[in-house]
Amino acid sequence: MKFSKIHIYVLLALFIVACSKVAITGRRQLALIPNATLLPMSFDQYKQFISNNSVSSDPDQTQLVKTVGTRIQKSVEEYMAQNGLSDKLNGFQWEFNLIEDGTVNAWAMPGGKIVFYTGILPITQDEDGLAVVMGHEIAHVIAGHGNERMTQGLLAQAGQVALSVYMQDKPEASQQMMMAAYGAGAQVGVMLPFSRLHEREADRLGMIFMAMAGYDVNEAPKLWERMAAKGGGQAPPEFLSSHPSQQSRIEDTKAFIPEAMKYYKSVN
């Protein structure tokens, strides 16, 4: 499959227009999906998830999740406004929910939709510990990681289609071998390492965001130490994992403390 100069120029223009910078870190990212398309999809999926799962009936735990989420949200919004970045939050509809599920997990979707599972609360332990995870999830949202990952998936899919067209006249055995190799290369060579980059960036930004809201960033490495103890050392090698190793995370969060403290604002 050959591309004309016009095709190449159009692709380059699209990439330049779609490139943006992550707040604070300044990392350039490629996000091809407009929020006008992405956010309604995210909100619909989130609504379906909430309707199909058991929202916690514990008023104290639920209120804690909502309080911490809103407090960090407001602090981040204030920072974005002060730095002329409020337009990046257009269309956001923040929502924080606690789901009755023993899984040790929390996650975020584009546009400010965040879920905590009750299974993670024994590890977060208190408000500062919960703020570590909440800051991390809000960081994924602010940094546009969902859009970036979807864009990556689309580009990988486009590459697979291009390879499929190129290989269509080749022997079947060669086709199968090349397509299998492409799949492994796209997953291990691009998709997983990029996800690790997102996780590290969310750890860094999350600590900054929790500091903006007046939470103790020294709790971050302590939380990951508890998470590592909970896992019992059972984890895939870091280079084949979408998340950094627990030890890397502990060391990184310790290193992030001085930067995060520059943004600290006491709420007392």
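Where is the place of Asn-147? I found Asn-147 in helix α6 (residues 145–167); helices here are DSSP runs of H or I with at least four residues, strands are E runs of at least two, and both are numbered from the N terminus.

Before going on, I noted that this is a predicted model, in which local features need pLDDT of at least 70, side-chain atom pairs count only at pLDDT 80 or more, and totals for chains, interfaces and linings use all residues. Residues are numbered from 1 along each chain as its sequence is written, and side-chain values use heavy atoms, with hydrogens and water left out.

**Entry: Asn-147**

I looked up the exposure of Asn-147 and got a relative accessible area of 8%, so Asn-147 is buried (buried is under 20%, exposed over 50%, partly exposed in between, with a 1.4 Å probe and protein chains only). Setting aside neighbours within four places in sequence, I listed its contacts as Ala-31, Leu-32, Ile-33, Asn-35 and Leu-38 (contact means heavy atoms within 4.5 Å).

**Entry: α3 against α5**

Next I checked how helix α3 (residues 59–82) packs on helix α5 (residues 127–142): the angle is about 50° and the axes are 9 Å apart. Axes are lines fitted to C-alpha atoms, for helices over the stretch in contact, and angles run from 0 to 180 degrees between N-to-C directions. That makes α3 oblique to α5 (under 35 degrees is roughly parallel, over 145 roughly antiparallel, 65 to 115 roughly perpendicular, and the rest oblique).

I then went through the residues that meet: from α3 they include Leu-64, Val-68, Ile-72 and Val-76, and from α5 they include Leu-130, Met-134 and Ile-138. By class, I noted eleven nonpolar, three polar and two charged residues in this contact (Ala, Val, Leu, Ile, Met, Phe, Trp, Tyr, Cys and Pro are nonpolar, Asp, Glu, Lys and Arg charged, and the others, Gly among them, polar).

**Entry: two positive phi values**

Ile-24 has a phi near 75° and lies in the loop between β1 (19–21) and β2 (28–30). Its relative accessible area is 22%, so Ile-24 is partly exposed.

Gln-125 has a phi of about 70°, in the loop between α4 (121–124) and α5. Is Gln-125 buried or exposed? I found Gln-125 exposed, with a relative accessible area of 55%.

**Entry: α8**

Last, I looked at helix α8 (residues 219–231), where Trp-224, Arg-226 and Met-227 are among the buried residues.
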